[in-house]
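Biologist: I would like to learn how to read helix packing and cores. Can we take one model and work through it?

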Amino acid sequence: MAIAPVWFISHGAPDLVLRDQPATQFLTKLRLGDIKGLVVISAHWFSRTDLQLNVEPKPALMYDFYGFPDPLYSIRWPANSPAWLQEAVSDQLLLAGLAATPVKRELDHGVWSPLSLMDPASEIPLVQISIPATFSPSQLWQLGEALQALREQGIGILASGAITHNLRALGPDGSPVPGWASDFAHWLEQTMAEGDRPALEDYRARAPGAVESHPHDDHLRPLFVALGAAGADKPQKLHDSWDYGSLYMGSYRFG
């Protein structure tokens, strides 16, 4: 089996699965390919201090949002998280000196919203790990590096977040893209392509529009895990579109 890829997916608003927009159409057509399993990192699961691993074998869905159309709360997706995959991820983290605390929880919408479009029958087993809130971009990169060897076992890595995420700057469909958002997205893509790790880890000080694009950086943090897991693999842009004016839906594959 070939080395499994790494993905970073901008998952957008929770109602992504209900709307007919370019990113929805893209994810509906995107398939994960011939992989044995998937490790998922979402912008919507932060643990206070320790690294955590979801050991719920048949996790239900968490509707971690409010004010959206009723059909969104009726969506079901039969996720499967087998013990062999949980153990493979836990063991690999331990080899890197990272002990993951086992917990049981539902899947947040950063996981099920894009994956229910990409893998609607839930054919690929998954396990989700948390993002420790105390981890810096450098530590998240190292977390990704700890997962890198799983790719040789046919286990892919999927990080779900957002390239730009400023909820106060969202506008109606068709709104013009703010300059700070386009400047940041361009800088980030160029810097990823160059493989400039120091600049990426210090993006908040170096990137134009960084603070406006991420008043809080929760949705960008999964990207650093993806970059670490990618190793020397360069990003291949799979999709770019804008939603609600300032929300960049960039998605990438490594390897």
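Biologist: What covers the buried residues of α4?

Modeller: First, the ground rules. This is a predicted model, where local features need pLDDT of at least 70, side-chain atom pairs count only at pLDDT 80 or more, and totals for chains, interfaces and linings use all residues. Residues are numbered from 1 along each chain as its sequence is written, and side-chain values use heavy atoms, without hydrogens and water. Helices (H or I, at least four residues) and strands (E, at least two) are DSSP runs, numbered from the N terminus. Buried means under 20% relative accessible area with a 1.4 Å probe, protein chains only. Contact means heavy atoms within 4.5 Å. Here, the cover of α4 includes β2 (37-47), α2 (83-95), β5 (126-132), β6 (155-161), α6 (197-201) and α9.

Biologist: Which residues of helix α4 are buried?

Modeller: An α-helix has 3.6 residues a turn, so residues three or four places apart point the same way. In α4 (residues 137-147), the buried ones are P137, L140, W141, L143, G144, A146 and L147.

Biologist: Which residues touch the most other members of the largest nonpolar core?

Modeller: A nonpolar core joins buried Ala, Val, Leu, Ile, Met, Phe, Trp, Tyr and Cys residues through side-chain atoms within 4.5 Å. The largest has 46 residues, and V39, V89 and L147 touch the most other members. Helix α9 (residues 221-230) gives the most to this core, seven residues. Beyond four places in sequence, the contacts of V39 include V89, L147 and I157. Another core, of 30 residues, lies apart and includes A4, L30, F65 and L107.

Biologist: Where do α1 and α3 meet?

Modeller: T24, L27 and T28 in α1 meet P114, L117 and M118 in α3. Those contact residues divide into four nonpolar, two polar and no charged.

Technical notes
Ala, Val, Leu, Ile, Met, Phe, Trp, Tyr, Cys and Pro count as nonpolar, Asp, Glu, Lys and Arg as charged, and the others, Gly among them, as polar. Buried means under 20% relative accessible area, exposed over 50%, partly exposed in between (1.4 Å probe, protein chains only).
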